[in-house]
Amino acid sequence: MSKRIAVLYGGLSSEREVSLKTGKAVYDALVTLGYETHLIDVDREVDKKIREFKPDYCFIALHGKYGEDGTIQGMLEVMGIPYSGADHISSAIAYDKHYTKIMAEKLGVLTPEYYLAKNEYDARFFPCVVKPAREGSTIGVSIVNEKNEFEKGYRLAKKYDSKVLVERFIKGKELTVGIVNEEVFPVIWIKPVKGFYDYESKYTKGLTEYLFETGLSKEEEAKVKEIALSFSRNIGCSKLCRVDFIFDGKDFYMLEVNTIPGMTETSLLPKAAAKAGYSFNELIDLIITECK
């Protein structure tokens, strides 16, 4: 008898549209793999929907608030239902970029200089990146080059979160490292056509190049992979995550950790998995290893 898997998708966050695409792709893969699968659009009645379906396992395909912040994970733990990805504590740490940076500092992992802005006038250095501390898909993010731009960037970030994180802008290559069950996939160089990897660049075909020819030496690639794996282990999300870096030609600066990587047609984890030899269906099967 096949396992019953509920794919939790959609949700209530600003990343709902991406979550719908991720969930549908995961659902199609699970059906092809032979699992009895049900899509559950997450809302305030999600606990009732889950109890009605009675799944053996939940695949969390929720991006943003209530999906990546430990909320849904905590609920599933109380309900006694196993699920994909990191637990509620690790998810909460990774989702809050401020807490992620605190952990990085304590573990000796290099991360750009940062602070929490007190108000729209609290500009301390330029250029800087102004972002919501708890948001994803580069929503609410601005690159600020001078003081008169700071207020606008702050107000945009504040729309999405009460905590506004400001970090020093570091010019360099944006790299990402995908990890599933402690298997580290090939490094990807994210090269947006227009220079800033924003929401549009992430989810519009042709606006970003994803390169496996990163220009890194074998030693440099091994180093960034080791940093990613070690840090993900330390915060408890090495079962499934993507770790983002900026490389300035000398040092790797850890930017953030994504505990529920996208599974859309432009998403990074499936691209890295394919380079490692996994089809999309095989990647999903790998993620749900503990369900078998």
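Predicted model: local features only at pLDDT ≥ 70, side-chain atom pairs only at ≥ 80, totals over all residues.

Biologist: Nice. In what sense do β1 and β3 pair, and over how many bridges?
Modeller: They pair in the parallel sense, over 4 bridges.

Biologist: And which strands form the open sheet, in what order?
Modeller: The order is β2-β1-β3, so 3 strands with parallel pairing. The edges are β2 (36-41) and β3 (57-60), and each of these pairs on one side only. From one strand to the next, the twist averages 25°.

Biologist: Which helix packs on that sheet?
Modeller: That is α2, residues 46-53. Helix α2 touches β1 and β2, and its direction makes about 165° with that of β2.

Biologist: Switching topic: where does UniProt place the "active site" feature?
Modeller: The UniProt record, an unreviewed entry, places it at E15, S137 and S267.

Biologist: Let's take E15. Where is it, and is it buried or exposed?
Modeller: E15 is in the loop between β1 (4-9) and α1 (16-32). The residue counts as buried because its relative accessible area is 2%, and the cut-off for buried is under 20%.

Biologist: What about S267, which loop is that in?
Modeller: The one between β13 (252-258) and α9 (268-275). S267 is buried too, with 7% relative accessibility. Its side chain reaches the backbone oxygen of G262 at 3.3 Å.

Biologist: Now the cysteines. How many disulfides does the count come to?
Modeller: The count is 0 disulfides.

Biologist: One last stop, K131. Where does it lie, and is it buried or exposed?
Modeller: K131 lies in strand β5, residues 128-132. This lysine counts as buried, at 6% relative accessibility.

Biologist: Which side chain does it make a polar contact with?
Modeller: The side chain of K131 makes one with the side chain of E167, at 3.0 Å. Leaving out residues up to four places away in sequence, K131 touches several others, among them K97, K163, L165 and E256.

Conventions. Residues numbered from 1 in each chain as written. Heavy atoms only, no water. UniProt positions renumbered as here; feature names shortened; annotations may be inferred. Helix = DSSP H or I, 4+ residues; strand = E, 2+ residues; numbered from the N terminus. Buried < 20%, exposed > 50% of the residue type's maximum accessible area, 1.4 Å probe, protein only. Polar contact = N/O pair within 3.5 Å; in protein donor to acceptor, adjacent residues only side chain to side chain. Disulfide = S-S within 2.5 Å. Contact = heavy atoms within 4.5 Å. Pairing = 2+ DSSP bridges. Axes fitted to C-alpha atoms, helices over the stretch in contact; angles between N-to-C directions.
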